[in-house]
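Dear colleague,

Please find the structure below, handed over for your use.

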Amino acid sequence: MEHTVLVVDDSRTIVKFVSFSLKNRGFNVLTASDGMDAIEKISTHATPVDLIITDLNMPNVDGYELISTLRKNSKYQEIPIIILSSEEDEEDKQKGIDAGASSYLVKPFKSTVLLREISKYLE
C-alpha cells in the first residue's frame, strides 16, 4: 500500500530533497510551505495523510502551532509527526515532543536516517 506523507517546510530545497527521497521509496508526497498551508492540504486531500514531516520555524503558522492544532482534532491525533528542524537545543526538542510530535530530527540529516525514522511508523 502506498502511504501518503505531507512534507511541511518553507525551504524549497528541503521540500525538494525530502520529496525526492520519499518518492524514490514509493511514497505519495504532498507538500506545504507553512503550517497554515499544511492544515488546508490535510483537511482537503481526498485520501488520508499517513505521516507528517514538519519544520518548526515557518511563516504564518509555525511547526509547534501546526502540531498542537492537529493534536486537538480527533481526526488527526494519531498521525505520526516527525519534526525536521535546524533547532538542536534540548529545550526545542522537548517543546516539540510536548506539542505532540512523534520524533525529532536535526538538520542537516541523511535521507537514510529520515527513512529509518519513517519506517518506525509506516510499514
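**An aromatic pair and its surroundings**

F109 is buried, with a relative accessible area of 17%; buried means under 20% relative accessible area, exposed over 50%, and partly exposed in between (1.4 Å probe, protein chains only). Please note that this is a predicted model, in which local features need pLDDT of at least 70 and side-chain atom pairs count only at pLDDT 80 or more, while totals for chains, interfaces and linings use all residues. Residues are numbered from 1 along each chain as its sequence is written, and side-chain values use heavy atoms, with hydrogens and water left out.

There is one aromatic pair, where rings of Phe, Tyr and Trp (its six-membered ring) pair if their centres lie within 6.5 Å, and planes under 30 degrees apart count as stacked, over 60 as edge-to-face and the rest as tilted. The ring centres of F17 and F109 are 5.6 Å apart and the planes stand at 65 degrees, so the pair is edge-to-face. F17 belongs to helix α1 (residues 12-24) and F109 to the loop between β5 (103-106) and α5 (111-119), so that the pair links parts of the chain 92 residues apart. Helices (H or I, at least four residues) and strands (E, at least two) are DSSP runs, numbered from the N terminus. F17 is partly exposed, at a relative accessible area of 37%.

**The loop between β5 and α5**

K107 also lies in this loop and counts as buried, at 16% relative accessibility. The side chains of K107 and D9 are joined by a polar contact of 2.9 Å, that is, a pair of N or O atoms within 3.5 Å; within protein, one must be able to donate a hydrogen and the other to accept it, and residues adjacent in sequence count only if both atoms are side-chain atoms. Leaving aside neighbours within four places in sequence, K107 is in contact (heavy atoms within 4.5 Å) with D9, I14, D55, L84, S85 and S86. The peptide bond from K107 to P108 is cis, with omega near -5 degrees.

**Helix α2 and the cores**

In helix α2 (residues 35-44), G35, A38 and I42 are buried. Seen down the axis of α2, these buried residues fall within an arc of 50 degrees, so they line one face of the helix; the arc is that of the directions from the helix axis to the C-beta atoms. E40 and T44, on the other side of α2, are exposed. The cover over the buried residues of α2 includes β1 (4-8), β2 (28-32), β3 (51-54) and α3 (63-72). At the N-terminal end, D34 caps α2, with a side-chain oxygen 2.9 Å from the backbone nitrogen of M36.

A nonpolar core is a set of buried Ala, Val, Leu, Ile, Met, Phe, Trp, Tyr and Cys residues joined through side-chain atoms within 4.5 Å. The largest has 22 residues, of which L6, V8, I42, I52 and L70 touch the most other members. At least two residues of this core come from each of β1, β2, α2, α3 and β4 (81-85), and α3 supplies the largest share, four residues. Apart from this core lies another, of 18 residues, among them I14, L22, L51 and L84.

**A residue with positive phi**

N60, in the loop between β3 and α3, has a phi near 65 degrees, a positive value in a residue other than glycine. N60 is exposed, with a relative accessible area of 58%.

Yours sincerely
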